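Here are a few exercises to work through with the sequence and the model side by side. Try each task before you read its solution.

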Amino acid sequence: MASRIDVIPVETDLLVLGGGLAGCMAAIKGIEHGVRVLILEKSHILASGQAGSGIDHVWGYFPPVHEKIGWTVEDLVEDHMQGVAHGFGRRDLLHFVAREIYSRMLDLEAFGIQIRYEDSPLPGGFRLVHQFHSVPTSLNIDGYPLKVRLTKEAKRRGVKILNRVMATDLLTTDGQVSGVLAVGTRDGSIYRIAAKSVILSAGGKTGRLGRESTGCVRFNLHLPGSLSADGKAMAFRAGLAIINMEFLGARRYGLANYETAGRPPRNTWQPAAAIVDAKGEIVVPKTTFYDWGDLERGYHIDAAETRRQWLAEGAITPRGMPSRKDLIEKGPYYVDCTGASEEEIRYVEWALQNEGKCKQLLTYLKEEGIDLRKDRIELGLGSREVGNLAASGLVVDDHMETALKGLFAAGDEVGGIPFGASPAAFTTGWLAGDTAGRRAHTQGSFLPAGENALDLLQGLCADIMRDRKGYGWREVEDTLQNIMDTYCADVKTGSLLERGLARLLELKAAPLRATCPHDLARCLEVRSLLDNAEMILRTSIARKETRKKPCGYIRADFPEQDDENWYAFSSIRMENGECKISKIPLNP
Amino acid sequence: MLNEPFKAIEIEPETCTGCNICVDICPMDVLAPNAEQGMPPIVAYPEECWFCGCCAERCPQKGKDAIRVIIPLPMRVSVWRGDKP
């Protein structure tokens with residue numbers, strides 16, 4: 001039966017797994033080395049990834065403005081390490097992202113993305129708004145067409161793109177990567193792709209390991225529903241170490257119950273939005289327009305003092321987002337733009353036009369007759385996610401190469417950059433493309449790949465398509481979400497985690513069933529989710545401490561933070577079919 | 001589809017030209033081309049929509065509202081209209 005599935009052989013020098021921001025940047029840079037570059041994209045490159053429906057801001061160090069106020073890259077790294085990461089991140093990678101992002105923004109400008117605005121009083125015509133540093137660091141960009149522009153640039157340079165093909169397994173030969181296996185999501189074909197260098201840029205995050213906020217609209221998530229952390233799962237199956245998996249994020253809050261990327265009152269919703277309670281009393285005031293003062297007369301933010309103040313307040317986000325606890329104990333809270341000027345409202349509408357999923361939100365608000373000038377929208381809890389604040393992912397060297405020679409990681413696949421987000425995608429993607437492209441150029445020939453992995457994948461796909469007694473992907477995913485929400489909730493205990501792991505392992509043994517290639521691909525996504533859940537549960541059992549910041553990790557049976565034993569990344573990897581967990585100590 | 005939980009996407013047959021750009025780019029692969037050429041795509045998997053709106057935004061007939069994203073009732077925002085709670 002297995003042999004009935006077609007196998008399509010493909011050969012490329014540099015293979016990029018996932019065509020989001022990181023993957024596109026990697027391909028665009030990598031092809032400069034004169035090699036053949038192929039992007040495998042599970043969805044369609046024009047709308048895929050977390051920026052598929054846009055982004056409106058990118059944090060980083062922007063010299064024309066920040067140098068003028070005497071603020072250095074080191075200041076930003078310090079802010080991020082102390083206030084956002086709470087010491088729990090890789091300083092070297094943060095420094096790299098912070099200092100390189102400006103160059104990448106200039107690249108975007110060359111690719112046709114607007115990054116300057118005539119009405120801005122700042123040097124260079126840049127707009128900078130507050131996000132989570134002690135001075136404004138988030139550069140506004142017209143990011144809605146990002147994926148269209150990046151795709152155009154990649155194609156112009158000769159990058160090949162295979163849409164609707166999902167990478168499933170890394171192929172290795174003598175400790176080096178030799179290619180990947182993949183499945184066509186529309187035709188069920190199996191691809192065997194030989195490559196000299198491979199970049200893993202499949203997104204890293206997923207919002208599918210817990211129920212979304214309505215409990216019934218499956219993909220009402222702030223992350224794209226297509227993100228199922230396939231990259232981490234395939235790296236795990238290939239024996240690579242993944243760090244920080246236990247930090248399955250706490251439920252975020254956003255608009256009740258419409259989940260989007262931009263969450264009020266900061267970032268996209270600046271400067272118009274305040275947060276008010278049920279009496280209309282202001283809980284979080286709005287920011288002022290640009291929040292910059294007059295640069296020509298000298299700028300007077302004392303960054304060190306600002307940082308000291310917000311650290312004293314204990315906030316991860318210095319500009320005063322209400323906590324989940326506040327929302328539960330003092331709610332309802334509302335996003336309130338009614339105190340904003342018309343200019344500020346138009347600014348926010350511009351930002352929403354460019355931020356992920358928010359353009360559609362604006363259309364919907366208009367249809368409902370909801371006007372931000374007079375109506376307030378309630379805040380509610382949203383979905384959980386893997387990654388982000390705690391930055392789970394692969395361990396890379398300073399060239400983005402992983403422990404498997406020839407395999408590079410980019411964007412959210414890179415572990416150790418808390419809140420790396422799009423700046424990390426742009427910068428690590430570019431660097432991974434550069435080093436992987438160079439390696440592909442110098443690597444003489446393709447490595448021979450064994451047949452074993454191919455046989456296994458063919459067998460798995462054939463079983464899923466043939467097994468009439470198996471379970472559909474929806475019921476397996478629902479069961480998985482029940483397990484994670486019940487046994488690996490925001491407050492954890494060892495005994496519940498152990499029970500959750502036992503139930504998960506039972507679920508992993510349950511056969512999956514599909515009747516068409518579309519559902520086969522969903523089954524393979526569920527396989528990724530199951531592997532991610534196993535990593536999360538096992539590392540959660542191992543981390544016997546509470547670490548609220550930045551991870552929101554709470555163990556009722558170990559209520560104290562234990563820096564002596566656990567100021568360290570956890571690391572999980574598969575060896576001879578067994579999971580091994582170790583620690584990677586951090587330096588303060 | 002009789003048992004669909006919600007619509008997610010509605011395509012206007014009068015203005016849709018059946019170009020299938022939305023079918024091509026949908027990140028969730030929710031849409032399928034109509035067997036009859038030039039006719040509107042089929043919303044094959046409405047429950048897999050993640051409401052990014054790319055189908056409607058990138059539609060060449062956007063000006064004529066050929067595609068409408070319909071937000072399911074449980075997802076609609078909770079709103080405090082006007083001055084008083």
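**Exercise 1. In which order do the strands of the open sheet of five strands in chain A run, and is the pairing parallel or antiparallel?**

Before you start: this is a predicted model, in which local features need pLDDT of at least 70 and side-chain atom pairs count only at pLDDT 80 or more, while totals for chains, interfaces and linings use all residues. Residues are numbered from 1 along each chain as its sequence is written, chains are lettered from A and ligands numbered from 1 in the order in which they are written, and side-chain values use heavy atoms, with hydrogens and water left out.

Solution. 
- Step 1: Find the strands. Helices (H or I, at least four residues) and strands (E, at least two) are DSSP runs, numbered from the N terminus.
- Step 2: Look for pairs, where two strands pair if DSSP finds at least two bridges between them. The order is β7-β3-β2-β11-β19 in chain A, and the pairing is parallel.
- Step 3: Check the edges. β7 (160–163) and β19 (407–409) of chain A each pair on one side only.
- Step 4: Zoom in on one pair. β2 (residues 14–17) and β3 (residues 37–41) of chain A share four bridges, and L17(A) faces L40(A) of β3(A).

**Exercise 2. Which strands of chain A does helix α1 touch?**

Solution. 
- Step 1: Apply the contact rule, heavy atoms within 4.5 Å. Helix α1 (residues 21–30) of chain A touches β2, β3 and β11 (197–200) of chain A.
- Step 2: Compare directions. Axes are lines fitted to C-alpha atoms, for helices over the stretch in contact, and angles run from 0 to 180 degrees between N-to-C directions. The direction of α1 makes about 170° with that of β3(A).
- Step 3: α11 (residues 421–442) of chain A lies across β2, β11 and β19 of chain A, at about 160° to β11(A).

**Exercise 3. What is the order of the open sheet of four strands in chain A?**

Solution. 
- Step 1: The order is β1-β10-β9-β8 in chain A, with mixed pairing.
- Step 2: At the edges are β1 (7–11) and β8 of chain A.
- Step 3: β9 (residues 176–184) and β10 (residues 190–194) of chain A pair in the antiparallel sense over five bridges; within this sheet, V183(A) has I190(A) in β10(A) as its bridge partner.
- Step 4: α15(A) lies across β8 and β9 of chain A, at about 50° to β8(A).

**Exercise 4. In what sequence do the elements of chain B run?**

Solution. 
- Step 1: Count the elements of chain B: two helices and five strands.
- Step 2: From the N terminus on, the elements of chain B read β-α-β-β-α-β-β.
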